2 protein chains.
Amino acid sequence: MSRSEPVLGDIGEFELIDLLSEHVGHDPRVIVGIGDDAAAFEVPAGHVAVTTCDSQIEDVHFKKIGVEPQDVGWRAVAVNLSDLAAMGAEPSYILVSLALPVDLEASWIRCVYAGIAQINHEFAVSTIGGNISRTAGPIVIDITAIGNCKQSDLLLRSGARAGDRVVVTGRPGWSALGLSLSGTHVAEQDFQSDRFLRAHRRPTPRCKEGQIAARTSLAHAMIDVSDGLLADLGHICERSLLGAEIDVNALPLSGEFVDAATKLELDPVDLVLDGGEDYELLMAVPPSQVQPLASRFAESNLAPIHNIGVFTQEPGIRVPDRPDLSARPGGFTHF
Amino acid sequence: MSRSEPVLGDIGEFELIDLLSEHVGHDPRVIVGIGDDAAAFEVPAGHVAVTTCDSQIEDVHFKKIGVEPQDVGWRAVAVNLSDLAAMGAEPSYILVSLALPVDLEASWIRCVYAGIAQINHEFAVSTIGGNISRTAGPIVIDITAIGNCKQSDLLLRSGARAGDRVVVTGRPGWSALGLSLSGTHVAEQDFQSDRFLRAHRRPTPRCKEGQIAARTSLAHAMIDVSDGLLADLGHICERSLLGAEIDVNALPLSGEFVDAATKLELDPVDLVLDGGEDYELLMAVPPSQVQPLASRFAESNLAPIHNIGVFTQEPGIRVPDRPDLSARPGGFTHF
């Protein structure tokens, strides 16, 4: 990158806000968008607003070197849409709050905006507000997402019942494998690795899956897998006053997944149960409803689901075939 | 502070979230609060949701040394409630997103939470969500505020008309004076300084004033003064396709204010027009409505208002008695 590459200090705050606005299309649902003191929007009649916030911080959640800024933008939004999905809510709007160094290349943040615009487009979400401050420290991208849901459809962590099956969507473990693959020789030599790298860089929030699970009342409780499958299962158990047992043989472990993990000397089961950042949905589903739920997802070309265990009256999380994993609290914590 | 003072690394992420939750009282309006994947709330029938976000960053917006953490928490919320006020919205909820260093004293963030709880209590606002990440850089406190308003009451920047009076609430310039006074001998010797220091450290968002201006339709346009009075007046002018003329003799300049500014060798007019961070409301009010608006505020023991100029067809902002100020673009920008 040449030294003449414009940095934020060259282009000014208001131009930076204009840059963000360029990526914001017209959305007839928005009453007041970017450009006033605050944004205004209507919540559909009979629905409640659902909201969450989560941030991506340089050198904690992403490295500026070796990662595409579009992916950073995509991911910052995805982790928030995933939280809305886990309530059964339909996403509608985001606010984007940025803390940026004065010497950051303008092209970098342009690409972050492009990544945000891509995921917004994919999920029919509009950016309605934001804020840009300078910082002497790492880049901080803080997103607030807002959606809506019928109150009676909201799926909480607390609704699981003993006997419900532990069901997870999609591809748990792929993100952790992708992260481990990044920059390794294995990734360069094996084009299968692309799917794992992509699962980490561009996680797909399970928005439609979450809404169907909520609207059809086929699930009793739901959470998204961000800390790690066992850790997030622990959150449901804690709120539902239950325990759970996981069947290692029921975990989705494809040949390619196991091969790539083995090449990296990683334990595939460990990746699935403790990898984190999957942004899959973990649900409590009555045994009789697992097949109907799978069919509903399949009809709409959505993620497959995996029936990997059972909620129990007995507290604690057990993995009978892997007592080492049962004993560990697991999951990523910041402090 | 002793070396045994617990830091965030000692107490852990989940305890830190519990600490925040301790300050959150029961709010019957909240359907789902802290503790699930996202929060849920109802928007009153006939109202639209109004939302904004703004952050406070260590060494940009506040210094950790010499400032009370309670004040940092108060201020982080106040600047957001001020943006809602400037739309005419009633504030209801906040989300608190924090980026914190591992070696931060736990007592410091406890006090920030206490400051947030104080302003929440004062304005009947509840914390319904948040997020805590570690950072290797400065502390970032990012708040999203959510309120509501009847759609027909929303007061935008774009509604000013030529001939409307330029009206500002309360005490513009006090915050900038307070900032300049901080830590000086003048502040130590003069107990009158307290009010100016407080205007900076604990700004009062003009929530009730904004709601009355909006509900009574006595104002045509509104903005809060954060960048500086002239700069924010410029934002209304830009959106309303107008100019404005300010009458220096109509500015609120009390004896104590002028005295303290003079002791610091600061120009009092400059402080009022270009100081920034006032969190007062700046409005476009038809001449015949200025007195009725002042009366409505007085009846409710709210802030006084000052009739300081006029919106004009002629573009640009003029301060006839101070051509030096007219020429300057003014206002704080981050880049």
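Strand β3 (residues 47-57) of chain A runs antiparallel to strand β2 (residues 39-41) of chain B, and three bridges join the two. Strands here are DSSP runs of E with at least two residues, helices are runs of H or I with at least four, and both are numbered from the N terminus; two strands count as paired if DSSP finds at least two bridges between them. Within this pairing, A:Ala49 sits opposite B:Phe41 in β2(B). The model is a predicted one, with local features needing pLDDT of at least 70 and side-chain atom pairs counted only at pLDDT 80 or more, while totals for chains, interfaces and linings use all residues. Side-chain values use heavy atoms, with hydrogens and water left out, residues are numbered from 1 along each chain as its sequence is written, and chains are lettered from A and ligands numbered from 1 in the order in which they are written.

As for the interface overall, 66 residues of chain B touch 66 residues of chain A, contact meaning heavy atoms within 4.5 Å. The two chains bury about 5,200 Å² between them, 60% of it on carbon and sulfur atoms; this is the accessible area (1.4 Å probe) lost on putting the two parts together, summed over both. B:Asp37, B:Arg134 and B:Phe335 supply 18% of what chain B buries against chain A, more than any other three residues.

Four salt bridges link chain B and chain A, each a side-chain nitrogen of Lys or Arg within 4 Å of a carboxyl oxygen of Asp or Glu. In the one between A:Arg157 and B:Asp36, the closest N and O atoms are 3.7 Å apart. On chain B, strand β3 (residues 47-57) gives the largest share of the side touching chain A, with nine residues.
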